[in-house]
Amino acid sequence: MTADTSNNPGLTYSGTPLSEPLKNVRALSRQMVGHFVETVAPCRTLPGDAIHGDVTSITRLCLELAVSMLDGVDVPEKIRKLEDTAAQWAREGVPIDTIHHAIHEGFRLGFDLVVTSATNSYRRMRDGDEEMLLLRRGDYDNLIGGAKLVVDMLDTMTTAVSKAYVRELRSVVSEHHTAVHTLTSALLGGHPTSTMARECGIEIAEQYNVLALAIPAHPEEANPMVDGAVVARRKLRRIQAALATGHDGNTVLSLLSVDGGTLLIPTTDGDTDELDRLVTVLSQAAQVPITATVVTAGSHDIPAAADRAHQLLDMVHRLKLVRGLYRFDDIALEYQLTRPGPGREHLGTLLDPLDAHPELLETLQRHISNNLNRQRTAHALHIHTNTVDYRLKRIATLTGCDPTQASGLWYLRSALVARSYRQTHPV
């Protein structure tokens, strides 16, 4: 806990303030900075303007605070000044490890100066007047007090810098997040501006991959023993953290909630594999299998592309397709079948005979979504593969379309697509 030195009359040794060796702040700070450049690794890699600007400023402020704490004056004012400056360093991107290295190394040098000064004073008294030496026993108490104050000084400095730095950094991140959110909303709304882009430090690309994401609930969200909202928020934070580093350094614009949203990713060469990898990375971060659809569009066509991407995503859910990334080319036929008209209405009635046999309808849906893999379908339904074969034959008998034949399968798959849109609300 930091000691209160505001009413401290000041510590002395042999009548001289302990702070005396530190009071030539300007000259001493230049000397210390020269030492930092030679011995403190993070300082050696900083540009010259940072060395002569920020690092020198750090050193000078800490020296001023040390003098104030030793003298017992103006301590709160110096602390506020240090906090204000630390906030500025955070906004300008000065690394906090460099700040702390400079504080600790400067603190060590300053402490050596104070101890050396006190030691020399003691030697002069010892060689000069033994009686005077006895009268200076109070200096011992001041030295002990100074040693204790050393810990308080370092605590005060590091606490003030860390608290102000982190607070300002959070503010900067929040501002950037708000600006990016505004830019993303503008793109999705069809009216982005160059001013918004400059405020975010993000250049608007000519073309984007527009991804619609569906994020299922984490299993822990249904656990009555934990706070499901906290689990969901943690899931979302993991996804956002993965987005920050998961796409080859390109800026990913996003509007996400705990159950899904939209991503805008500038198009680049090799997007085909990269987008699949990104969805895999996000699924691993979320710890749930994410489903996504993607449509590519120019920056001015993003609203229509986003609408189409979410229509495709709705269709993927209705058809209960396996998780992963779907492109428009992958499901263009299914998309066309979902457009309103007499053809969709006719196909939608083809599976009506299965209404009385829900297990047959589920088997058909599973079998098609598993790409006609009998073993996978049997495993998913917890039945034998022979049972799958029996049910497929029953479907053929009831509907007149054989799912083991190409023509019959085409009609049944189309009927599933059309039937899914007879529901009044999207899944």
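The accessible surface of the chain comes to about 22700 Å², as given by the Shrake-Rupley method with a 1.4 Å probe, where for residues only the protein chains shown count as cover. Carbon and sulfur atoms account for 53% of this surface. The model is predicted: local features need pLDDT of at least 70 and side-chain atom pairs count only at pLDDT 80 or more, while totals for chains, interfaces and linings use all residues. Residues are numbered from 1 along each chain as its sequence is written, and side-chain values use heavy atoms, with hydrogens and water left out.

Of the 427 residues of the chain, 46% are buried (under 20% relative accessible area; exposed is over 50%, partly exposed in between; 1.4 Å probe, protein chains only). The secondary structure consists of 17 helices and seven strands, taken as DSSP runs of H or I with at least four residues and of E with at least two, numbered from the N terminus.

Strand S5 (residues 260-266) has seven of its seven residues buried. S5 pairs with strand S4 (residues 253-257) in the antiparallel sense over five bridges, pairing being defined as at least two DSSP bridges between two strands. S4 and S5 form a hairpin with two residues between them. Strand S3 (residues 207-214) also runs antiparallel to S5, joined by seven bridges. Thr262 of S5 is the bridge partner of Leu255 and of Ala212.

Tyr411 lies in helix H17 (residues 406-420) and counts as partly exposed because its relative accessibility is 43%.
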